[in-house]
Amino acid sequence: MTPFSPANAPMLLFSGNSNRSLSEAIASYLGVSLGSCEVGRFPDGEVRVKFKADVRGADVFLIQSTCTPVNDHLVELLIMADALRRASAARITAVIPYFGYSRQDRKDEGRVPITAKLVADLLQASGINRVVTLDLHAAQIQGFFNIPVDHLYASRVFTKYVRQLELPDLVVASPDAGGMKQAWGYSKRLDAYLAVVEKRRISGEDVEVGFVIGDVANKNVVIIDDMISTGGSVSKAAQLLKEKGARKVFVMATHAIFCGRAVEKLRNAPFEEIIVTDTIPVTANIERLKVLSVAELLGEAVHRIHSNKSVSTLFQRL
Ligand code: R5P
């Protein structure tokens, strides 16, 4: 019997319900169609899954962002993986463009969970053999898994976009100390200055900003963050940067969670443009919102994994 090799197993792509349009764009990049699978609900709300295609011996890629409603989308992913494993798929790769629960990645006070680790354990228990994801809240989450994790960066998409804006006197700003390393990387690649906003979190919805480290007076500033959740961090950072004399302020964030009063805060903040990706479907109506697609990046990763080619060139931040 020929041992399993991804290159000679058929590649099949399936999508959960979280971000069908991104799944379709990935499939289109790869020149294939999404496999047929019903992901519905039983009358009591439990998730019901039925694959319509034969998956035996296949190299399966399951695309699902664990975005809002997070619990539903996570359970869909787990149950789909379980069905694939029981139907004898040869390998199951979860493509998780947005990895939910990633902010709960450490015990920073007593009696709290490390939910990102729990999610990693659940994914592995469901039969998933490999994970592809993008801009994890903390890169160390890769270590919560005992299976290969390909952690990609949206910076390939963002830097290309910023370069074509041809902004003079560019400063890359982090909205908090935690994001400084990421902002520093962008500033190097874009040949820009670096600034950091001092931020304190008051509650899940509220932040306070104090001072800015770095000179932003009369500069064009791009704030970079991994996610916009309630919109407080980047909106308050933008206001402060403007008060410090910034010329134009942009924000780039990979995951557009946009919960709570995010849309209202973003509309009222002094942004020239709000640039996000399509890891999470964006339905918000904000005039200065620009959505860049990560479909090619994820599609290329799928292609390389299936063909047993190196994925590491895609890790390089351009
Ligand atoms: C914080 O560590 C994250 O990188 C984001 O800055 C934060 O989660 C954004 O949250 P919000 O939009 O609610 O301020």
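Mentor: Before we start, a word on terms: a residue counts as buried under 20% relative accessible area, exposed over 50%, and partly exposed in between. Keep in mind too that this is a predicted model.

Trainee: Thanks! Is Ser88 buried, partly exposed or exposed?

Mentor: Look in the loop between α2 and β5 (91-96), where Ser88 lies. Its phi is positive, about 70°, although Ser88 is not a glycine. The relative accessible area of Ser88 is 29%, so the class is partly exposed.

Trainee: And what is the class of Asn218 by relative accessible area?

Mentor: Asn218 sits in the loop between β10 (207-213) and β11 (220-228). Here as well a residue other than glycine has a positive phi, near 60°. With a relative accessible area of 51%, Asn218 is therefore exposed.

Trainee: Which peptide bond is cis, with omega near -5°?

Mentor: Go to the loop between β4 (59-63) and α2, the place of Pro69. The cis bond there runs from Thr68 to Pro69.

Trainee: How are α2 and α3 oriented, roughly parallel or roughly antiparallel?

Mentor: The axes of α2 (residues 70-86) and α3 (residues 115-125) come within 9 Å and cross at roughly 25°. Angles under 35 degrees count as roughly parallel. So α2 and α3 are roughly parallel.

How values were computed: Residues numbered from 1 in each chain as written. Predicted model: local features only at pLDDT ≥ 70, side-chain atom pairs only at ≥ 80, totals over all residues. Heavy atoms only, no water. Axes fitted to C-alpha atoms, helices over the stretch in contact; angles between N-to-C directions. Helix = DSSP H or I, 4+ residues; strand = E, 2+ residues; numbered from the N terminus. Parallel < 35°, antiparallel > 145°, perpendicular 65-115°, else oblique. Buried < 20%, exposed > 50% of the residue type's maximum accessible area, 1.4 Å probe, protein only.
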